Amino acid sequence: MKNTYPKPMIIIHWLTFFLVATVYLTGGNPTTTGLLGQIHVIGGISIFILFFIRLSFIFIYNKSIPKNETINQYQKKIFKMVRFTLYLSLCIVPIVGWLALSILTDNFKVLFLNLPLLSSVRDIQYIGELHEFLANTFITIVGLHASAALIHHFIFKDNVLKSMLFKRNK
Ligand code: HEM
Ligand code: HEM
């Protein structure tokens, strides 16, 4: 069993991290924020697409995903719950963002192409707030997840963080 994640999974993990940070920082009404709105929507859609590529990699690389040591059963359960919430957010937050955009406009161009939108959700006004709430919850979970990884590295001094980093050739 290898003790680092397969390279394609490491690339997707850190690319997603970069995109989530960018999309979070460019949050706002994309119909009025110009270039920032474009970055927000393109970044959000990329996160959504990467989520499915990531899922397929989990099946492809199933046997070479490291099983990091856990201290006890509770730790294992918490890790699984956090991972599930992260996966769910990577899929749900962009979908709700797309619905929120559908409420704000019926015509949004991404790189000069019309983004298909759903006019039937027009009257559900709270979707924008729901998107914002889910995005903030997602970022909170990411914060807990990143803190746990850093605690593993600096306090428990184990292999957990290293398993998500590229191995340096000695
Ligand atoms: C993981 C991906 C995403 C994250 C973390 C995210 C995060 C956020 C945040 C934090 C806000 C609120 C900003 C503020 O008002 O202070 C926001 C607003 C918004 N986002 Fe996203 N977003 C994501 C993906 C998307 C996507 C894919 C779309 C559209 C296709 C989108 C469309 C919108 C819209 C329309 C608003 C304004 C909602 C309103 O004020 O009614 N977002 N986003
Ligand atoms: C948007 C931000 C992030 C998301 C969505 C995210 C998501 C995930 C997911 C879903 C996994 C499970 C393996 C996989 O499917 O790739 C994972 C593993 C991991 N992540 Fe993150 N992550 C984020 C940011 C971070 C940050 C900032 C750190 C470090 C400071 C980090 C460190 C790790 C480590 C060490 C693992 C391996 C854990 C193990 O197998 O025991 N992640 N991450």
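User: Where does Phe-112 lie?

Analyst: This is a predicted model, and that should be kept in mind throughout. Strand 1 covers 109–110 and strand 2 covers 113–114, with Leu-111 in the loop between them. Phe-112, too, has its place in the loop between strand 1 and strand 2.

User: Is Phe-112 buried or exposed?

Analyst: A residue counts as exposed when its relative accessible area is over 50%. Leu-111, in the loop between the two strands, has 58% relative accessibility and counts as exposed. For Phe-112 the relative accessible area is 76%, and Phe-112 is therefore exposed.

User: What is the phi value of Phe-112?

Analyst: Most residues other than glycine have a negative phi. Leu-111 has a positive phi near 50° although the residue is not glycine. Phe-112, also a residue other than glycine, has a positive phi as well, and the value is near 70°.

User: In what order do the elements of the protein run from the N terminus on?

Analyst: The secondary structure of the protein comes to 4 helices and 2 strands. Read from the N terminus on, these elements follow one another as α-α-α-β-β-α.

User: Is His-13 buried or exposed?

Analyst: Leaving aside neighbours within four places in sequence, His-13 is in contact with Arg-54, His-145 and Met-164. His-145 is partly exposed, with a relative accessible area of 30%. A residue counts as buried when its relative accessible area is under 20%. His-13 has a relative accessible area of 15% and is therefore buried.

User: Which residues are the protein donors of the iron atom of ligand 1?

Analyst: Around the iron atom of ligand 1, the 6 donor atoms subtend angles of 88 to 178°, which makes the arrangement octahedral. The protein donors are NE2 atoms lying 2.0 Å from the iron atom, and they belong to His-40 and His-131.

User: At what angle do helix 2 and helix 3 pack?

Analyst: Two packed helices are described by the angle between their axes and the distance between the axes. Helix 2 passes helix 3 (residues 73–104) in a left-handed crossing. Their axes are 9 Å apart, and the packing angle is about 150°.

User: How do the residues of the contact of helix 2 with helix 3 divide into nonpolar, polar and charged?

Analyst: On the side of helix 2 the contact is made by Val-41, Gly-44, Ile-47, Phe-48, Phe-51, Arg-54 and Ile-58, and on the side of helix 3 by Tyr-87, Leu-90, Cys-91, Pro-94, Ile-95 and Leu-101. By kind, the residues of this contact divide into 11 nonpolar, 1 polar and 1 charged.

User: How far apart in space are Ser-46 and Asn-68?

Analyst: Ser-46 lies in helix 2 and is partly exposed, with a relative accessible area of 25%. Ser-46 and Asn-68 are 22 residues apart in sequence, and from C-alpha to C-alpha the separation in space is 29 Å.

User: What distance separates the C-alpha atoms of Leu-55 and His-13?

Analyst: Leu-55 has its place in helix 2, whereas His-13 lies in helix 1. Along the chain the two residues are 42 residues apart, and their C-alpha atoms are separated by 12 Å.

Key
Residues numbered from 1 in each chain as written. Chains lettered and ligands numbered in written order. Predicted model: local features only at pLDDT ≥ 70, side-chain atom pairs only at ≥ 80, totals over all residues. Heavy atoms only, no water. Buried < 20%, exposed > 50% of the residue type's maximum accessible area, 1.4 Å probe, protein only. Donors = N, O, S within 2.8 Å, 3.2 Å for Na, K, Ca; no water. Tetrahedral: all angles 85-135°; square planar, octahedral: opposite > 155°, others 65-115°. Axes fitted to C-alpha atoms, helices over the stretch in contact; angles between N-to-C directions. Left-handed = near helix turned anticlockwise from the far one by under 90°. Contact = heavy atoms within 4.5 Å. Nonpolar A, V, L, I, M, F, W, Y, C, P; charged D, E, K, R; others polar.
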